[in-house]
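Trainee: Could we go through this one together, from its helices to its sheet and surface?

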Amino acid sequence: MLALTIMSKTIQAVRGMKDILPAQMPYWHHLEDTIRHILESYAYQEIRPPLVEKTELFARSIGEVTDIVEKEMYTFADRNGDSLTLRPEGTASCVRAGIENGLFQKQIHRLWYKGPMFRHERPQKGRYRQFYQIGAEVYGVTTPDIDAEIIAMTARFWQQLGLKNIVLQLNSLGSIEARKTYREALVNYLSQHSLDEDSQRRLQSNPLRILDSKNPDMQTVIQGAPVLLDYLDEVSQAHFETLKSLLAALDIDYKINPRLVRGLDYYNRTVFEWMTTELGSQGTVCAGGRYDGLVEQIGGRATPAIGFAMGIERLIALLEQYQKTPSVQNPHIYITMVGDNTISYGLRISEFLRNALPQLRLEMNCGGGSFKSQFKRADKSGAQFAMILGEDEMNKQQVGLKFLRQTEQTQTKEQLNLSWDELVNYLSEFQY
Ligand code: HAM
């Protein structure tokens, strides 16, 4: 009995991992196409690293004492006993792939990627355990011109997607040495105040993350803490000043947020986040910064780097708010067939049409049915035309074409009877 109950229980998706259904795909395609087009126009090339990497890669790059590595990774032993991890982000993989394939030998390399990432976080609106990112990384440039170009490109994403009210927050973390000095000052300050449990735990391991605490009881302590920007080394200071003037020249607004520290350890100098207030607490839609030391740390030749990644689900949620009716990719023609041998006739015509007009979307009525039920399905499919193939049409080597939806071009309501060639001529008049 128990076995039966277990067997009949429906299996659901893993918590925090969701299906992206056909009705949502127009948004996804629109977003992915727009972003890809812009990335290519800035000379980025796509890379597709595997979804699984050796655990050590993430531990060494993101940092042993970050939330991601400490408690959010999907880590498992594979059959050889190697510790592997489902990637929680794409930067580490890009660095590994770049070193392994000798990509950084070339002076400058602009790479981009998209795909799912995995983090075992507490799921909520805008925060998932499998989520999609589109990210971009640039290797080989130390100067702030690339920081400015990257930020300008992300601003272009929002503008092209018609997304408003996304605000840029900017900070500089300085050099690794400057951060060490700051860290000492911060620990010194924090040790003199009462901290919540989480912050006490982080005091020695990762004190900068305490500045990110959302606990209201911690806010007064955080407000009074020393500010990283006051500890910047001269070179980082100059880098930051130039970046700010380049952004001003490009008319890009930003807000300096001295408490922006990011949750991954590899950053230095510029860090930024694009945030919206329209998505509740998960408002960061894009985040990134410089990580000049990472390539060398992972075993490559010293190579400066900068990049960012966007949370696609969050951007889609914004798109859905702005654009109420997505253009679903309905078929142009639904093919109905009734009568002996009409199925092979229909298949032949559809293949002929696909050769002649490759942009055309055709949906064959598979699975039979009466003329009435097929016509109902044709209507439901959202197609512009129903093609009617009966024995009569087949014997005359013709097709019947009936309009299901009227547009300016389909004023005639009568059914058209056309030869195969006439059909191609007729359909080629339309825009696909
Ligand atoms: P990140 O801030 O961890 O940075 O993630 C980037 C973006 O991914 C976030 O701003 C957010 O939009 C989205 N995101 C993160 N976690 C989730 C989640 N659980 N559910 C939904 N969306 C999420 C990175 O991943 C760095 N690799 C970015 C980077 C590239 N820095 C330099 N290069």
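**Helices, pairs and a sheet**

Trainee: In which helix are Arg201 and Asp198 three residues apart?
Mentor: Helices here are DSSP runs of H or I with at least four residues, and strands are runs of E with at least two, both numbered from the N terminus. The three-residue spacing of Arg201 and Asp198 amounts to about one helical turn. The helix that holds them covers residues 197-205 and is H8.

Trainee: Before we go on, what kind of model is this?
Mentor: Residues are numbered from 1 along each chain as its sequence is written, and side-chain values use heavy atoms, with hydrogens and water left out. Local features need pLDDT of at least 70, side-chain atom pairs count only at pLDDT 80 or more, and totals for chains, interfaces and linings use all residues, since the model is predicted.

Trainee: At what N to O distance do the side chains of Arg201 and Asp198 meet?
Mentor: In general, side chains of opposite charge can pair when their charged atoms come close. The test for a salt bridge is a side-chain nitrogen of Lys or Arg within 4 Å of a carboxyl oxygen of Asp or Glu. Arg201 and Asp198 form such a bridge, N to O, at 3.2 Å.

Trainee: Is Arg201 buried, partly exposed or exposed?
Mentor: Buried means under 20% relative accessible area and exposed means over 50%, with partly exposed in between (1.4 Å probe, protein chains only). Asp198 has 35%, so it falls in the middle class. Arg201 has 40%, so it too counts as partly exposed.

Trainee: What is the N to O distance between the side chains of Glu351 and Arg354?
Mentor: Glu351 and Arg354 are three residues apart in helix H13 (residues 342-356), so about one helical turn separates them. Glu351 is partly exposed at 45%, and Arg354 is partly exposed at 32%. Their salt bridge has an N to O distance of 3.7 Å.

Trainee: Which residues do salt bridges that share partners join into one network?
Mentor: The whole structure holds 20 salt bridges. Those that share partners link Asp198, Arg201 and Arg202 in one network with Asp67, Glu70 and Lys71.

Trainee: What is the order of strands in the open sheet of eight?
Mentor: Two strands pair if DSSP finds at least two bridges between them. The pairing in this sheet is mixed, and the order is S1-S5-S6-S11-S10-S9-S7-S8.

Trainee: Which are the edge strands?
Mentor: An edge strand here pairs on one side only. The two that do so are S1 (45-46) and S8 (255-256).

Trainee: Where is Ala43, with its positive phi?
Mentor: Ala43 is not a glycine, yet its phi is about 75°. With a relative accessible area of 48%, Ala43 is partly exposed. Ala43 sits in the loop between helix H2 (25-41) and S1.

Trainee: Where is Asn165 found?
Mentor: Asn165 is another residue other than glycine with a positive phi, near 60°. Its place is the loop between helix H6 (144-161) and S7.
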